[in-house]
Amino acid sequence: MDKFLTKYKVKDHSKRAVYVSAKNRARSMPQVLHEDDGILFCSICNISIDHTCKSTIDNHLKSKSHLKRKHEIDSEQSSVKVLKQTTAAKKSLVSGSAAKQSRVEVITDWIKACTAADIPLEKSDNPALREFFHKHVKNGGAIPQSSQLRDSYFSDVYENERTLKQKTGHHC
């Protein structure tokens with residue numbers, strides 16, 4: 001019986017960099033990546049990327065969809081005769097605001113879905129659900145913990161829904 005028991009701890013062979021922040025990853029490639037609220041985003045595709053695993057970032061940068069969008073942006077830049085500095089400044093502002101808008105849209109849609117289905121926002125903290133968001137939902141990594149959902153976003157979503165129902169004649 002003793003021969004089946006292991007005497008040594010099994011080491012976690014995960015390739016995740018625990019001490020590397022999204023901001024550090026964004027600094028390594030400022031033209032392609034940016035960080036917002038601790039979440040790493042691809043500036044070209046406007047999607048969130050897991051910053052703890054470098055291979056995830058590398059795989060995204062080699063993906064067909066990323067390369068296609070990058071090619072489209074490069075062709076747009078070459079067709080427009082504008083100074084490179086002005087174009088780069090405008091592009092970073094536009095992609096940053098588009099990413100922020102996309103992030104807020106994902107969060108508000110998640111809150112609406114949870115309230116419509118009678119799902120407590122605390123379910124967003126479940127590790128399995130978080131992993132599902134990161135893996136299968138575009139910008140799923142942008143959905144914050146339940147406390148931030150309640151404190152920062154819920155009241156805005158509630159007010160928007162309430163005014164919409166008042167305008168259409170439905171009562172809360």
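Guide: This is a predicted model. Lys 54 and Asp 58 join their side chains in a salt bridge, at 2.9 Å from N to O.

Visitor: Why is the contact of Lys 54 and Asp 58 called a salt bridge?

Guide: The N to O distance is 2.9 Å, and the limit is 4 Å between a nitrogen of Lys or Arg and a carboxyl oxygen of Asp or Glu, so the contact qualifies.

Visitor: What separates Lys 54 and Asp 58 within helix H2?

Guide: About one helical turn, because the two are four residues apart in helix H2, residues 54-62.

Visitor: Which side chain meets Glu 122 in a salt bridge?

Guide: That of Arg 150, at 2.7 Å from N to O. This pair links distant parts of the chain, 28 residues apart: Glu 122 is in the loop between helices H4 and H5, and Arg 150 is in helix H6.

Visitor: What makes the pair of Trp 110 and Phe 133 edge-to-face?

Guide: Their ring planes stand at 80 degrees, and planes over 60 degrees apart count as edge-to-face. The ring centres are 4.9 Å apart, within the 6.5 Å limit for a pair.

Visitor: Are Trp 110 and Phe 133 buried or exposed?

Guide: Trp 110 has 17% relative accessibility and Phe 133 has 4%; buried means under 20%, so both are buried.

Key. Residues are numbered from 1 along each chain as its sequence is written. This is a predicted model: local features need pLDDT of at least 70, side-chain atom pairs count only at pLDDT 80 or more; totals for chains, interfaces and linings use all residues. Side-chain values use heavy atoms; hydrogens and water are left out. Rings of Phe, Tyr and Trp (its six-membered ring) pair if their centres lie within 6.5 Å; planes under 30 degrees apart count as stacked, over 60 as edge-to-face and the rest as tilted. Buried means under 20% relative accessible area, exposed over 50%, partly exposed in between (1.4 Å probe, protein chains only).
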